[in-house]
Amino acid sequence: DAGETISLTLTGSGLTKSFDYDVSGLTDGTYQFKLDVADTTGAHNNAMTPVWFAYDTAVPTVVFNANAADSKPVGPYRNGDFTVQGTVQDANGISKVEFSLDNGTTWDDLGITATAGENKAWSKAISAASNNGAKSLVVRATDTFGRTSQSGAVSVTIDTAAPTGTINAFSGGYYADAQLAVSGTASDGLSGIAKVEYSVSS
């Protein structure tokens with residue numbers, strides 16, 4: 001229903017006719033095909049129910065904000081619960097928004113839809129205790145015609161476990177030297193060690 005009529009010549013009875021229609025000149029939207037058939041006497045068929053189709057060349061716009069809801073950058077490290085956020089938009093509307101913690105291997109439906117042209121906010125609360133480790137966060141939107149688009153991955157390492165440290169035992173005796181050698185180890189299995197400090201007290 002782009003305001004265009006195509007005439008096909010078909011003579012005889014019990015025959016079929018096929019044709020192609022170039023849709024490249026259409027703008028995104030919904031259209032309908034319908035047929036008007038005239039016989040040799042000039043009689044036309046009863047009005048038919050149109051066959052509708054969608055022409056959609058644009059994928060949704062997906063935004064993943066660099067900062068979480070607490071106004072701090074999402075990564076590179078987090079040691080507590082946090083909420084990521086952003087927006088989705090599509091000229092034909094959004095039917096589904098999904099979130100992934102593992103770069104798209106698994107998806108969680110956020111239960112968000114949007115009307116045509118609406119710039120819709122999305123958010124996802126992430127529990128740190130149940131998601132320790134390196135994560136690759138992605139959000140994906142599907143429009144009403146099934147076209148999808150997703151954000152670039154945002155990397156973050158979630159670490160709720162405290163680092164461990166040990167001091168090697170001294171050998172027995174009295175130390176009169178000006179310096180005392182102290183040694184030990186420090187380790188962290190998730191985010192790594194940022195610094196090691198010491199204190200001396202009597």
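In this predicted model, L8 is found in the segment before β1, the strand that spans residues 29–33. L8 contributes to a nonpolar surface patch of about 680 Å², which it forms together with I6, F19, F33, L35, V37, M48 and V51.

Attention may now turn to charged contacts. The count of salt bridges comes to four. One of them joins D70 to R78, with the closest N and O atoms 2.6 Å apart. In this pair D70 is partly exposed, at 38% relative accessibility, whereas R78 is buried, with a relative accessible area of 10%.

Another salt bridge pairs R140 with E98, the closest N and O atoms being 2.9 Å apart. Because R140 belongs to strand β9 (residues 133–143) and E98 to strand β6 (residues 94–100), the pair ties together parts that lie 42 residues apart in sequence. E98 counts as buried, at 9% relative accessibility.

D108 and K124 also meet through their side chains in a salt bridge, at 2.7 Å from N to O. This pair links distant parts of the chain, with D108 in strand β7 (residues 108–109) and K124 in strand β8 (residues 120–126), 16 residues apart. D108 is partly exposed, at 34% relative accessibility.

The second largest pocket has a volume of about 340 Å³. It is lined by 15 residues, of which I167, V182, E197, Y198 and S199 are the closest to its centre. Strands β12 (164–167) and β13 (184–187) each give two or more residues to this lining. By class, the lining comprises seven nonpolar, seven polar and one charged residues.

Notes: Residues numbered from 1 in each chain as written. Predicted model: local features only at pLDDT ≥ 70, side-chain atom pairs only at ≥ 80, totals over all residues. Heavy atoms only, no water. 1 Å grid on protein atoms, 1.4 Å probe; cavity = no way out; pocket = protein on both sides within 12 Å on 5 of 7 lines; lining within 4 Å. Points joined across faces, edges and corners; volume = space filled by probe spheres on them. Helix = DSSP H or I, 4+ residues; strand = E, 2+ residues; numbered from the N terminus. Nonpolar A, V, L, I, M, F, W, Y, C, P; charged D, E, K, R; others polar. Patch = residues over 30% accessible without salt bridge, like charges linked within 9 Å, V, L, I, M, F, W, Y side chains within 5 Å. Areas by Shrake-Rupley, 256 points an atom, 1.4 Å probe, with all protein chains shown as cover. Buried < 20%, exposed > 50% of the residue type's maximum accessible area, 1.4 Å probe, protein only.
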